[in-house]
Each structure stands twice: as C-alpha cells, then as structure tokens.
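Here is a short report on one protein chain. Look at the sequence and the model first, then read on.

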Amino acid sequence: MPNFISIRRPTLFATGLALVVALAAAGCTPRPAGYPASEPFDPYEEENRRTHAFNRALDKNLVGPAGKGYSGFIPDDVENMVGRFAFNLSIPGAVVNNILQGNMKGATEDTYRFIVNTTIGLGGLFDTASELNMPQATDADFGQTLHVWGVREGAYVELPLLGPSTERAAAGKIVDLFTNPLTYVLDEPENYYGTIATGVTGLSDRGRYADTIDSILYDSADSYAQARSLYIQNRRFKLGGGSGGAFEDPYDAEPGTPLEDPYDE
C-alpha cells in the first residue's frame, strides 16, 4: 500500500518552497534610496541588539563552556571525522540548490564528491574526494539560491541561537531544512543523523575557534557591530563568488539602475 505521507512530501515541499520564495521576495526590506550599498542595512538594530545580548549570555553560560569541554576531551582526529561526516550528509542539499540555481557543473561535481566520499570515504568519515584532487564542494544553500533568483538581501537580523543573518539568508535557512533529499530517502532514526552530526560539529567548532570567537564576543568594544560586520563581509564574499573587493547586491539597486551580474565573469 502506498505511503500517503511519502506521496504528500514532494507536494508539501513544492508548496512550501513557493510560499517561502514569495514571502522572501515580498518581505525582504528594501534599502532607502541613496543608502550606501557597502554599509550594513540594519533598521532593526534595537531588537537585534537584544537578541545579540541573549545569544551572548547563552554562549557565555552554556555553549562556550560546552564547546571548549567537548573539543578538549575529544581527540582531534575524531572531531575531524564527525565534521566530515556532517558535511558529507549536507552535500545532497547543495546539489538541489545548484540545480535550482542552474549551476549544473556545481551540481555534477558535488554529486561525484558525495558518491566518492560516501563509498570509498566510508560515509564521509574520510575526505577521499580531496585526496583524489576532485573539485571542492560548492556548499550552496537556499539563501544563495534566492540571491540568484533576484531576491534582495534585505535587512540585517540576528536570530536567536543561530546568530547573524539577513532577511534573505534567514528565509533560506528555513527552506534548507527541507531541501536535502536524504531527509525523504532515509527512514527514522537515520534521517536525523545529519542534524545530530551538524549540531555536534557546531559545538566542536565553538571549542576549536574559541580564541577568535571570544575576542569578538567579549574583547571587542562593540561585539554586536563586530559580528555584524564580519558576517556581512563573509556572506557577500561568498555570494560574489569569492572574487574579493567591494560587493554590491544588484537586487538592492534603485529602480532603473543598470545591473551587473556578479556571476558573469
């Protein structure tokens, strides 16, 4: 007998996808005319700072100590394996996003990398693809897909627990919860392995990069402004194809302004 839930999943996903895209396109706040494109657009700064204070307190009292304890207790080789395993399970989601972006080269390369690391690399515990000099993973996400589709960056927001983001990237995070095909292929509890591994990897990273993160959160004069600046720079660098230099989101341009495609190189 057909599984009704399994049959409904693609339909629900397609409906949800269309809804999120529509909401993202309509809900991403446009910059005022003449607002410098290089400056962070933060009309919700007061609320964002309250969320930042909550995240900072949570990090100080729970996440930071747990991450440092985990990283100090678990051998580096094991941490690396868990991180590779988590990343390998995320690759099918990147393949979907590459297809949605029309980047078939990236989708093909990511697919080959996933196959090689899942088989020869024992589920991704070992990065055999890199040892074979295969192209690096694209790490495509739905926030990037929305950018390619023409959705503006929107305002800067800080999310509880998840930290710095933009309105467009935040909408992308929601969709990325459902874009990974493994979610629909694997049965319970196997389909939760990726989520668990990703959470453990985040804890590991908090411990490994403790000095850098602590310097931003606790040593800088304004940790909120510092975190905002670093996030915007890194995010725009990724969306600009890693080309460096100033990046202006073409979808935040004023009406009638000629646009340059950041992917047209």
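In which helix does Tyr184 lie? Tyr184 lies in helix H8, residues 182-185.

## About the model

This is a predicted model: local features need pLDDT of at least 70, side-chain atom pairs count only at pLDDT 80 or more, and totals for chains, interfaces and linings use all residues. Residues are numbered from 1 along each chain as its sequence is written, and side-chain values use heavy atoms, with hydrogens and water left out.

## The overall fold

The chain has 11 helices and 2 strands. Helices (H or I, at least four residues) and strands (E, at least two) are DSSP runs, numbered from the N terminus. Along the sequence the pattern reads α-α-α-α-α-α-β-β-α-α-α-α-α.

Of the 265 residues, 38% are buried. Buried means under 20% relative accessible area, exposed means over 50%, and partly exposed is in between (1.4 Å probe, protein chains only).

## Helix H3

Helix H3 covers residues 76-101, which is 26 residues. The expected span is 1.5 Å times one less than the number of residues.

H3 bends by about 30° at Ile91, and Pro92 follows within four residues. The bend is the angle between axes fitted to the seven residues ending there and the seven starting there. After H3 comes Gly102, with a positive phi near 80°.

## Salt bridges

Side chains of opposite charge can pair when their charged atoms come close. The whole structure holds 16 salt bridges (a side-chain nitrogen of Lys or Arg within 4 Å of a carboxyl oxygen of Asp or Glu).

One of them joins Glu45 and Arg228, at 3.9 Å from N to O. Glu45 lies in helix H2 (residues 45-73) and Arg228 in helix H11 (residues 223-239), so the pair ties together parts 183 residues apart in sequence. Glu45 is partly exposed, at 29% relative accessible area. Arg228 is buried, at 15%. Both belong to a network of salt bridges that links Asp42, Glu45, Arg49, Asp222 and Arg228.

Glu153 pairs with Arg236, with the closest N and O atoms 2.9 Å apart. Glu153 sits in the loop between helix H6 (142-149) and strand E1 (156-159), and Arg236 is in H11, so this bridge ties together parts 83 residues apart in sequence. Glu153 is buried, at 3% relative accessibility. Arg236 is buried too, at 5%.
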